[in-house]
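Student: Could we go through this model together? I would like to begin with the ligand and then turn to the strands.

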Amino acid sequence: RRCIIMKRLLGILIFITITILSIACGHPDPLTKTAVVMDTVVTLEAVDGEREQAIDEGMAYLQRIDALASQNEGSDLEALRLAAGNGAWVEISPEVFEMLEISQEWAAKTDGAFDVTVGPVVWLWGIGTEYAKVPGEAELAEARSHVGWQKLELDKETTSARLTEPGMRLHLGAIAKGYAIDGLRAIFAKHHVKNGLVSLGGSSIYAFGESPKGKPWRIGIRHPRSEDAKEYLAVAPLSDAALSSSGDYERYFEQDGVRYHHIFNPAIGRPATSGVLGVTVVAQGDHAGTLTDILTTTLFVMGEEKGKAFLENSGIDASALFITQDGSTFHFTAAQSGNAPAMRDVLTDVSQTVEWK
Ligand code: ADP
Ligand code: MG
């Protein structure tokens, strides 16, 4: 009898000890919150540190950036649009100013492949909205004539901007989420989150440290022609790095067998037809979110050949994966530049899976 009771007690004691040890030593379950912000499903996940504060502050931050980068009444972008061509400088928030400053730098570097003044064209096509349509030649020419990064002026001293021609407008869709990723990274760091994951709709991601399994986070790269957003072509292992993807599958409509998507070639005012279906970029560092977001859009517009050459000559620390299609077969091509050795492996491993029927 006694022996049985002792055994049971011992069993309970061992169970309690193991539970305490596993909580103290191992990773607890990550804290995860999901919300719809910035027009997409946002997931913030923290494994350690001040998890609750990090996530709540992160969500509040995203809401603020969403409002700042919007075209809503009273927003900076609306004020700039209303003042376009009247010569007046418009004082804008430091965040929007910073996004515009970075955008202008990249517009110059990419010869206008990346250009936030693409707004009139984005509006005219309305891709992703219920009024999406293929515009007529005349209205397209008109909209296109109002595009051009040289016609956006910035004044750092007064954090002001102006659009020099009436009819101009800005769109921050290709940079805002990446910029927000960098802000989230700072917030998580402040709250000592060493392991975690932030994902803005799956297209802009930052992975901190490792997953609760003690391994790099596994990031799925979307199948560009699957209806199911969770069907992956490949999985990239990611640790302390940002990953961004842009593709013609995100927002589009089809007319007469042609797919019209939301990534524009600013020079022609039409969806870029570069032969690329999707681009994924990974990078590390304080501005990796902004960098990867800008690069995916840029490389998509340039296409594989020009994009690879641009990346290789730029010396930027980043690694990219181009997805192209040849009949029913998809091809992956990886390209790297600068000092991104860890990042090189992330995408070269993926690129070795090369084909998918
Ligand atoms: P997503 O927002 O789906 O992740 P992107 O980062 O590629 O995709 O951004 C696409 C958005 O950026 C479009 O909705 C449009 O507003 C804007 N955009 C499209 N083409 C360009 C371009 N060449 N330069 C700058 N912004 C662009
Ligand atoms: Mg982008």
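Student: How many residues surround ligand 1, and which are the closest?

Tutor: This is a predicted model. In it, 19 residues surround ligand 1. The closest are Ala113, His171, Ser246, His262 and Phe264.

Student: How do the residues of that shell divide into nonpolar, polar and charged?

Tutor: Nine are nonpolar, six are polar and four are charged.

Student: Which polar atoms lie 3.2 Å or 3.4 Å from an oxygen atom of ligand 1?

Tutor: A polar side-chain atom of Ser203 lies 3.2 Å from an oxygen atom of the ligand. For Lys177, an N or O atom in the side chain is 3.4 Å from an oxygen atom of ligand 1.

Student: And what lies 2.9 Å from a nitrogen atom of ligand 1?

Tutor: That is a backbone N or O atom of Phe264. As for cover, ligand 1 taken alone exposes 570 Å², and the protein buries 95% of that.

Student: Which helix gives the largest share of the shell?

Tutor: Helix α8, residues 288-314, with three residues. In terms of domains, the shell draws at least three residues from domain 1 (9-65 + 193-356) and at least three from domain 2 (69-163).

Student: Now the strands. What is the order in the open sheet of three strands?

Tutor: The order is β3-β5-β4, with antiparallel pairing. The edge strands are β3 (90-91) and β4 (152-155), since each pairs on one side only.

Student: How many bridges join β4 to β5?

Tutor: Four bridges join β4 to β5, residues 160-163, and these strands run antiparallel. Leu154 stands opposite Ala161 in β5.

Student: What holds such strands together in general?

Tutor: Strands of a sheet pair through backbone hydrogen bonds, in a parallel or antiparallel sense.

Student: In which sense do β11 and β12 pair?

Tutor: Strands β11 (residues 252-255) and β12 (residues 258-261) pair in the antiparallel sense over four bridges. Tyr252 has His261 in β12 as its bridge partner.

Student: Which residue in that hairpin takes a positive phi?

Tutor: Asp256 does, with a phi near 50°. The hairpin has two residues between its strands.

Methods: Residues numbered from 1 in each chain as written. Chains lettered and ligands numbered in written order. Predicted model: local features only at pLDDT ≥ 70, side-chain atom pairs only at ≥ 80, totals over all residues. Heavy atoms only, no water. Near = heavy atom within 4 Å. Polar contact = N/O pair within 3.5 Å; in protein donor to acceptor, adjacent residues only side chain to side chain. Areas by Shrake-Rupley, 256 points an atom, 1.4 Å probe, with all protein chains shown as cover. Nonpolar A, V, L, I, M, F, W, Y, C, P; charged D, E, K, R; others polar. Domains from an automatic or database assignment. Pairing = 2+ DSSP bridges.
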